[in-house]
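User: Could you walk me through how some of the helices pack here, and then a few local details?

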Amino acid sequence: MEETMMLYGLGALAVAALLPKIKSRLELSLAKHPSLTGHSRMARRVAAQVPFYDYDDAKFFCCDGAPDDVVARRRAAFTRLALLYRERYAQSAALTTATAGGVSDMQFTAAYRVPFQFSRHVREHLRGGAFMQSAGGVMLCDLDGNRFYDLTGSYGVNVFGVDFYKECIDEGAARVRALGPLLGSFHPVVASNVQRLREISGLDEVSFHMSGTEAVMQAVRLARYHTRRSHLVRFCGAYHGWWGDVQPGVGNPQPAHETYTLKDMDAATLRVLRRRRDIACVLVNPLQALHPNAGAPGDSSLLDSSRRAHFDRARYTAWLRELRAICTERNIVLIFDEVFVGFRLAPGGAQEYFGVRADLVTYGKTLGGGLPVGVVCGRAALMKRYRDDRPADICFARGTFNSHPYVMGAMQVFLERMETRAVHSLYENLDALWDTRAQQLNQRLREAGLPVQVANLSSIWTVFYTRPSRYNWMFQFYLRAEGLALSWVGSGRLIFSLNYSAADFAAVADRFVAAAQAMQNDGWCWSHEQLTNRSIRRGILRELIAQRFKTL
Ligand SMILES: Cc1ncc(COP(=O)(O)O)c(C=O)c1O
């Protein structure tokens, strides 16, 4: 009897001891977004089970159960488009075919332009080519002499127009030529760059790196070093470069054990930040304001029409303020990763735009004046890489090419030009301008009865589709045929440089509407009341399961 009582007692003690752990685990689970994107480990497991299959020539045109006349229209249009591509992009495509076998990046981007079921057929017939030979104004020119409006934005680097960056590079190179590519010591241009970056960021110190990924790595390492805590928090769907700890899900073969992926703009996340003691930093990529909790909107995942986006500046600002307050309260380092949005939203970046200050800020892309760069700005106490009282306990960060004179030269020109009236005037009414352009385009699309819309965060745009369809990814090929160049992620990300004049934009809008109209005329937007986004996803799931059993 006594023994049983003791056992009960011990059991009760054990439960009592475990309760806080269970509670904290539960809180963490509640702060995860219900999607696969919110569950990195699960997403990797699921991804590893997805079997390959693709559509043959017949299924390619009718996988949504469209009637014969629509299928015939699609087939005829595809043949026409394939012929147009073959003739118009002949040289660009030929060099791409000859080169891609030796360039893994080209193979990857070609394969993942569209959902994998369609990829082989598309690669065989719609070859646009991966090469361009010149760029100027807002136009690109390929090897065949075709001209395109540039909507790629050079992955976000191109804020002020390609000529601006050519000039930064040329002038910067002239400034540092006497020293040349000498590494280890600093060219004097570094001094003014540091001064200017301190003013822009409102922070004490600066470190230079070679890419945005490296800048993020360093910011997180510093946060861990100074807080002596292990974990970083990133928000569901947010991209911070390809370093393993910030890419815990699909794409990284190893799990990231010291990363929490939490829900953006959600009170459950704030609870976790308030309670846990192992969180060193919170990483914010303000681009997520356009599509909180969703991953980069690439067309390879455009399986149906559920992609949506909407930017609510007031709500996102309120969220950042809450984050700021909790991070201050809990001594968590708040990192703004402005590699993408820095200098695009406001001269002082996202900190100025949202009116919220971070402890560390990363910049990159455009700041190099067209050359590769990553920058961390931070409070002095956080940037320090050694401890006065523990000389062997250092936070190491070096890089052969950090502060490369040519990059620093181009950056100096970039930062000087940021001060000019011409550049300042570009930021006046910037959001109003791009919001109006987006609204007008949306109105035209609606009036024409086309199931395509855009959403934007200033000059960063994304396309979404309002009628359930399995063929939305075809839009990128119609856009190209109309002379609009997109990056390999397709219609998910259109990036405008700020030198787009009203006439340039009007031309883009005309072509955009014409592309959507052509796509609709050709039967790709066909829908049926039984064809819903849900039924599409279910259908794909059935195909995957059938294929899995077949391979087993
Ligand atoms: C927010 C953000 N952080 C980091 C990176 C990584 O920068 P990089 O490609 O220069 O390594 C990117 C790149 O797109 C980014 O958008």
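User: How are H11 and H12 oriented to each other, roughly parallel or roughly antiparallel?

Analyst: Happy to start there, keeping in mind that this is a predicted model. Two packed helices are described by the angle between their axes and the distance between the axes. For H11 and H12 the axes are 9 Å apart and the angle is about 15°. Angles under 35 degrees count as roughly parallel, so H11 and H12 are roughly parallel.

User: Which residues of H12 make the contact with H11, and what is the hand of the crossing?

Analyst: H11 and H12 cross in a right-handed way. On the H11 side, the contact uses Thr269, Leu270, Leu273, Arg274 and Arg275. From H12 come Trp319, Glu322, Leu323, Ile326, Glu329 and Arg330. To close with the hand you asked for, the crossing is right-handed.

User: What angle do H1 and H11 make?

Analyst: H11, residues 267–275, also packs with H1, their axes being 8 Å apart. Lys23, Glu27, Leu28 and Leu30 of H1 meet Ala268, Val272 and Arg275 of H11. H1 passes H11 in a left-handed crossing, and the angle is about 145°.

User: Which residues form the nonpolar surface patch, and what is their accessible area together?

Analyst: One member, Val15, lies in helix H1, which covers residues 2–30. The patch on the surface is formed by Val15, Leu18, Leu19 and Ile22. Together they have an accessible area of about 370 Å².

User: Is H9 oblique or roughly parallel to H15?

Analyst: Helix H9 (residues 189–201) packs with helix H15 (residues 405–418) at an angle of about 45°, with the axes 9 Å apart. The contact is made by residues including Arg196, Leu197 and Ile200 of H9 and Met408, Met411 and Leu415 of H15. H9 passes H15 in a left-handed crossing. With that angle of about 45°, H9 is therefore oblique to H15.

User: Where is Asn331, and what is its phi?

Analyst: Most residues other than glycine have a negative phi. Asn331 is not a glycine, yet its phi is positive. Its place is the loop between helix H12 (313–330) and strand E8 (333–337), and its phi is about 55°.

User: Which loop holds Tyr155?

Analyst: Tyr155 is another residue other than glycine with a positive phi, near 60°. Its loop runs between strand E3 (147–150) and helix H8 (162–176).

User: What is the N to O distance in the salt bridge of Arg175 and Glu171?

Analyst: The whole structure holds 28 salt bridges by the search. Arg175 and Glu171 both belong to helix H8, four residues apart, about one turn of the helix. Their side chains meet in a salt bridge with an N to O distance of 2.8 Å.

Technical notes: Residues are numbered from 1 along each chain as its sequence is written. This is a predicted model: local features need pLDDT of at least 70, side-chain atom pairs count only at pLDDT 80 or more; totals for chains, interfaces and linings use all residues. Side-chain values use heavy atoms; hydrogens and water are left out. Patches are made of residues with over 30% relative accessible area and no salt bridge: like charges are joined within 9 Å, nonpolar side chains (Val, Leu, Ile, Met, Phe, Trp, Tyr) within 5 Å. Accessible areas come from the Shrake-Rupley method with a 1.4 Å probe; for residues, only the protein chains shown count as cover. A salt bridge is a side-chain nitrogen of Lys or Arg within 4 Å of a carboxyl oxygen of Asp or Glu. Helices (H or I, at least four residues) and strands (E, at least two) are DSSP runs, numbered from the N terminus. Axes are lines fitted to C-alpha atoms, for helices over the stretch in contact, and angles run from 0 to 180 degrees between N-to-C directions. Angles under 35 degrees count as roughly parallel, over 145 as roughly antiparallel, 65 to 115 as roughly perpendicular and the rest as oblique. A crossing is left-handed if the near helix is turned anticlockwise from the far one by less than a right angle, and right-handed if clockwise. Contact means heavy atoms within 4.5 Å.
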